[in-house]
2 protein chains.
Amino acid sequence: MPRYKMTVEYDGIPYVGWQRQENGPSVQGAIEGAILSLTGETVSIRGAGRTDSGVHAMGQVMHADLSKEWKVYTLRNALNAHLRLAGNRIAILDIVEVDQSFDARFSAIRRHYLYRIIARRAPLALEAGRAWWVPKDMDHEVMHAAAQTLVGRHDFTTFRSAHCQANSPVRTLDRLDVTRSGELIEIRATAQSFLHNQIRSLAGTLKLAGEGKWTPDDVRAALEAKDRKACGPVAPPDGLYFMQVEYRDGAGSPGSEGKDIDDSDDLS
Amino acid sequence: MPRYKMTVEYDGIPYVGWQRQENGPSVQGAIEGAILSLTGETVSIRGAGRTDSGVHAMGQVMHADLSKEWKVYTLRNALNAHLRLAGNRIAILDIVEVDQSFDARFSAIRRHYLYRIIARRAPLALEAGRAWWVPKDMDHEVMHAAAQTLVGRHDFTTFRSAHCQANSPVRTLDRLDVTRSGELIEIRATAQSFLHNQIRSLAGTLKLAGEGKWTPDDVRAALEAKDRKACGPVAPPDGLYFMQVEYRDGAGSPGSEGKDIDDSDDLS
């Protein structure tokens with residue numbers, strides 16, 4: 001039974017999130033629906049990250065097992081046609097056939113997210129729902145300095161949702177960079193996996209530093225408190241984008257090994 | 001009676017265009033409605049460019065006369081609040097008080113537009129309605145070379161809508177640059193004023209050059225034909241953004257002279 005690795009872009013606004021749920025349309029449900037329309041098969045797909053409602057993706061990765069062999073570009077074009085017909089804001093960017101050891105979620109070795117803030121007095125028209133509107137100026141250098149106190153292997157209890165299901169609150173944050181271009185402030189986060197709401201919790205806390213309400217030391221102290229109550233307000237989903245997933249050399253290609261030890265409840 | 005110059009951003013998707021029309025919501029109508037809600041005054045505003053349905057703006061400029069003096073930031077915040085309450089995707093970015101000689105349309109000396117093309121196989125999810133999807137690779141250097149044959153003062157009959165109301169088809173195109181960043185191709189156009197559908201006609205023709213169907217000489221020949229039938233397919237409104245309007249030194253500030261001789265039917 002061939003397994004296909006697919007890279008997916010979506011606008012998170014119309015969806016309850018990646019994961020299939022009873023209370024509304026999900027990205028997973030829409031893609032499974034497109035597969036059913038195309039092949040007649042009821043499949044269950046798995047994504048590298050279970051993004052929340054309103055969170056976008058430019059490079060979510062998922063895998064699906066189909067009963068027949070497809071030319072990957074035929075499969076991509078056909079699935080995109082079915083997705084569009086059903087009125088979805090989802091596009092399959094790329095498909096490769098992989099072996100059965102590849103798992104989009106458990107084989108991932110690095111996940112990249114972007115969080116976008118637009119700091120200006122006027123509300124957002126073109127970027128409504130696509131960035132966090134902060135109607136005051138922010139010091140992105142202070143945000144970056146504060147972010148550096150969070151990089152590394154830590155207990156991120158402060159920065160995870162009370163509903164987070166991961167076994168351990170310990171994660172290794174490889175990168176948390178804050179850059180600015182005009183009114184746009186971008187936070188780029190990389191780790192093998194993230195806790196539920198971790199990036200939005202980090203972004204909300206870094207905003208306090210950018211406004212001058214918290215120092216970088218205050219941010220570090222919040223981390224060390226290991227207490228959810230020490231977290232700043234959680235940033236809205238609007239600004240969050242799942243950008244890219246990395247797999248070990250060869251994973252995602254035929255014949256590769258794809259087993260991993262991470263518990264990887266990536267629920268950003 | 002104080003006159004206010006306002007810089008406006010909008011998402012063109014939900015509107016029939018800038019100009020008030022019977023057949024649906026317009027940007028002009030929404031802003032006039034917000035002014036009415038705030039001040040009780042029925043005003044008629046004028047924009048620097050009458051953008052078509054689906055065309056976006058990051059820097060449209062308009063003016064309005066109000067009966068009382070406002071602090072400009074109070075006026076901006078109040079208008080934005082009324083615009084949002086009514087569910088609009090319009091934001092007033094900036095307001096300055098100007099003298100009565102300033103006219104957003106007739107005082108403009110230079111208008112800047114951007115046309116965005118995304119060239120990739122997969123349809124657009126996040127950028128649907130915000131760029132022209134072209135599902136094949138394009139050579140932006142050929143597009144740029146073709147564009148340079150159009151810069152300067154020409155009879156642009158080939159590149160204007162049959163419905164264009166301008167007295168003359170002659171315009172001076174100051175700049176038509178094509179650049180690329182990954183799958184995104186950007187066309188930047190600058191002129192004192194444009195003809196109806198001129199930029200979308202130029203973009204549709206440059207696409208033919210980018211695909212290798214037309215040479216730069218073919219594009220030049222189309223211009224010289226001075227015949228609407230020589231134009232390539234008109235590009236969709238999705239990719240077009242009204243970016244910025246320039247006024248002569250001091251126009252847009254109190255006490256300036258703001259008279260202009262251009263017929264300026266800017267209907268891009």
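The model is predicted: local features need pLDDT of at least 70, side-chain atom pairs count only at pLDDT 80 or more, and totals for chains, interfaces and linings use all residues. Residues are numbered from 1 along each chain as its sequence is written, chains are lettered from A in the order in which they are written, and side-chain values use heavy atoms, without hydrogens and water.

**View 1. The two copies, chain A and chain B, are related by a turn of 180°.**
Two copies of a chain are related by a rotation about an axis and a shift along it. Here the shift along the axis is 0.0 Å, and chain A lies on chain B with an RMSD of 0.0 Å. The copies are thus related as by a two-fold rotation axis. In chain A, the C-alpha nearest the axis belongs to A:E127, 5.5 Å from it. The same surface serves both copies: 100% of the contact residues of chain A recur in chain B. Superposition is by least squares on the C-alpha atoms of residues with pLDDT of at least 70 in both copies.

**View 2. Chain A meets chain B.**
In contact (heavy atoms within 4.5 Å) are 26 residues of chain A and 26 residues of chain B. The area buried between them is about 1900 Å². Buried area is the accessible area (1.4 Å probe) that two parts lose on being put together, summed over both. Carbon and sulfur atoms give 59% of it. In chain A, A:P123, A:A125 and A:L126 lose the most area to chain B, together 34% of what that side buries.

Two salt bridges are counted between the chains. A salt bridge puts a side-chain nitrogen of Lys or Arg within 4 Å of a carboxyl oxygen of Asp or Glu. A:R120 and B:E9 meet in one, at 2.9 Å, N to O. Helices (H or I, at least four residues) and strands (E, at least two) are DSSP runs, numbered from the N terminus. The largest share, four residues, comes from β4(A).

**View 3. A:D52 carries the UniProt annotation "active site" (unreviewed entry).**
The annotation may be inferred rather than shown by experiment. A:D52 lies in the loop between β2 (46-47) and β3 of chain A. Its side chain makes a polar contact of 3.3 Å with that of A:H196.

**View 4. A:E211 and A:K136 form a salt bridge.**
Their closest N and O atoms are 3.3 Å apart. A:E211 sits in the loop between α4 (198-210) and α5 (216-225) of chain A, and A:K136 in the loop between β6 (132-134) and α3 (140-148), so the pair ties together parts 75 residues apart in sequence.

Technical notes
Polar contact = N/O pair within 3.5 Å; in protein donor to acceptor, adjacent residues only side chain to side chain.
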